[in-house]
Amino acid sequence: MEQQLYRLAKEYSGQSISDYFVQQPERFNQLSLSTCDLMLDYSKQNIDSVVLGHLVAWAKEQGLTAKINAMFNGDKINNTENRAVLHTVLRAPYAIKQQVLGDKLASEVHSTHQRMAQIINSIQSGVAKGYSGKAFTDVVAVGIGGSYYGPKVCHEALKSYRQPGLKIHYLANVDGTAVVGKLEKINLETTLVVIISKTFVTQETILNANVLKQCLLEQGCGVDDLPKHFVAVTAAPEKAQAFGVDSKNILPMWDWVGGRFSLWSAVGFPLACAIGVENFEQLCAGAYEMDQHFQTSPFENNMPVLLALIGIWNCSFLGHNSLAVLPYDHLLRDFPGYLQQVDMESSGKRVDINGDDITMAIAPIVFGQEGTNGQHAFMQLMHQRHVIPTEFIVSLKGQSPFTEHHRVLVANCFAQSEALMQGKDLKQAYDECIASGINEQTARQLAPHKVMPGNSPSSTLVIEQLTPKTMGSLMALYEHKIFVQGAMWNLNSFDQWGVELGKQLGETIINAFDGKSTQSLSGSSKALVDMFLKAN
């Protein structure tokens, strides 16, 4: 089937997407799908029923159903780390938790959620207090990667659901200026610090946590009062206690929940502080609803599967090695950055699950920006130079009182997908110049500059309204899309050994700063180390 798809790609690479709409008047109805208060329009993709049929047949040939079941059942599909991948069970009803995890672990997960809610309620009600006896006004979440991006993107997206009286801040960057910026915004006397680190040795996280701890001590907090200001989410509780976190304020992480899929665990603590426990539960409910759709719907009507297969068609077969994700919603402005992490960290692999080199084109470079800003930046290149498949995201209902702004915003979103598809040929450009009063000679000179090849594929994901529940569905949709692509490419989507290499070499450089051997470093890195040492 794979070879048949390559042959189809050669045939379809020159196909006009606009012509599909002439040939298929019902194309939108045939190539769109609604579920979980989301609507996916993929009618502007370079596909038809023949291509979709082959893609679905290939998915079945690859055993996709069995791979989906293996994930939900708790099989150790993360084969390089011998771990299950069960972030989905965290948002499932208790009966499913019991079925998949067993009574003891299901009870632990349930009690963790209850403890998280109790701590949050004590903070929001003012019962929990800092060293001076004052209630908390701020929460600083210290983490990086998956411990940061998921909660942060939902925090911004659900701004209108934030609870009054408590401000949430996120600190991930190891750059000291980021710490200074956060300290300028908060009063540590009334600040709770949430340390999120599975190992509790993550360099950036522990460095930032130690700075905040030291600043508390310098401000007047006694050693005995320090635990009042800390909550930890970790799989290493003994390290958290050694740091100074009270055991009652340590929430567990499990090795079967990967960092970039950990939002649904106690990693979501700062988000739940921001939007309230009930809204956090609605976020989980939306994700669970998408889980059910993903597990039970036939591939032909399965939104994550279709989104994934279309992405594979564009990347692996048509040869488009980039993907633009463009949310026309200011509240979703952080979503492309989140997808850069979760997608490229998951799919950016060189070997398959058996350790063999992957020869197929995989893992597009993901980038994006909120609309309409992108139109005045990189979209020039998209219109006139490179074909870059695009996923537009837009909400039908805005969340500001400026209704005309929202009308213009949505109009721009719909117009950009149309413009990418239609383009403008030389005759259209020339006629446009003449119609505007330009003389023929100038028109002939100017027209080539206005030509846009068009035929760039795109999908549009329409959200009825951005709520905790629809945000949960959106997050789960992309989690499952990325899983399907990894399953089809036969790779492990849940390890990140490239990230680990960077951490290892980072320690080597720090050792070099401390005067230890630089023998393993290149001449370039040795020279850079010397430059830093001379400057400091």
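The legends below describe close-up views of a predicted model.

View 1. Helix α20 spans residues 468-489 and contains Met471. The relative accessible area of Met471 is 0%, so the residue is buried. Leaving aside residues up to four places away in sequence, Met471 is in contact with Val153, Cys154, Ala157, Leu158, Leu283, Leu332, Phe335 and Leu466. Ala287 lies 184 residues from Met471 along the chain, yet the C-alpha atoms of Met471 and Ala287 are separated by 8.0 Å.

View 2. Strand β8 covers residues 322-328, and seven of its seven residues are buried. Ser322, Ala324, Leu326 and Tyr328 point one way from the strand. Leu323, Val325 and Pro327 point the other way, and the residues of both sets are buried. Strand β9 (residues 365-367) runs parallel to β8 and is joined to it by three bridges. In this pairing Ser322 stands opposite Ile365 of β9. Strand β10 (residues 390-395) also pairs with β8 in the parallel sense, over five bridges. Here Tyr328 stands opposite Val394 of β10.

**View 3. The β-α-β unit that includes β8.** The unit consists of β8, helix α15 (residues 335-347) and β9, and it is right-handed.

**View 4. The largest cavity.** The model holds two cavities of 30 Å³ or more. The largest has a volume of about 120 Å³. Its lining comprises 16 residues, and Gly311, Asn314, Leu323, Pro389 and Glu391 are the closest to its centre. The elements that contribute two or more lining residues are α14 (303-317), β8, β10 and α20. Helix α14 has the largest share, with five residues. Sorted by class, the lining of this cavity has six nonpolar, eight polar and two charged residues.

**View 5. The second largest cavity.** This cavity has a volume of about 40 Å³. Its lining is made up of Gly146, Tyr149, Gly150, Gly259, Arg260, Phe261, Ser262, Leu263, Tyr338, Gln341 and Glu479. Helix α8 gives the most, with three residues. By class, four lining residues are nonpolar, five are polar and two are charged.

**View 6. The largest pocket.** The volume of the largest pocket is about 990 Å³. Of the 38 residues that line it, Thr202, Gln496, Val499, Glu500 and Lys503 lie nearest its centre. Helix α21 gives the most, with seven residues. The lining has 13 nonpolar, 15 polar and ten charged residues.

**View 7. The second largest pocket.** This pocket has a volume of about 450 Å³. It is lined by 22 residues, and those nearest its centre are Asp329, His330, Leu331, Ser400 and Leu409. Helix α17 (residues 403-422) gives the most to the lining, with three residues. By class, the lining has five nonpolar, eleven polar and six charged residues.

View 8. The peptide bond from Gly371 to Thr372 is cis, with omega near 10°. Thr372 is found in the loop between β9 and α16 (379-384). Asp37 is not a glycine, but has a positive phi of about 65°. Asp37 lies in the loop between β1 (32-35) and β2 (38-41). With a relative accessible area of 47%, Asp37 is partly exposed. Asn82, likewise not a glycine, has a positive phi of about 55°. Asn82 is placed in the loop between α5 (64-73) and α6 (94-101).

Methods: Residues numbered from 1 in each chain as written. Predicted model: local features only at pLDDT ≥ 70, side-chain atom pairs only at ≥ 80, totals over all residues. Heavy atoms only, no water. Helix = DSSP H or I, 4+ residues; strand = E, 2+ residues; numbered from the N terminus. Buried < 20%, exposed > 50% of the residue type's maximum accessible area, 1.4 Å probe, protein only. Contact = heavy atoms within 4.5 Å. Pairing = 2+ DSSP bridges. Right-handed = clockwise from strand over helix to strand, strands pointing away. 1 Å grid on protein atoms, 1.4 Å probe; cavity = no way out; pocket = protein on both sides within 12 Å on 5 of 7 lines; lining within 4 Å. Points joined across faces, edges and corners; volume = space filled by probe spheres on them. Nonpolar A, V, L, I, M, F, W, Y, C, P; charged D, E, K, R; others polar.
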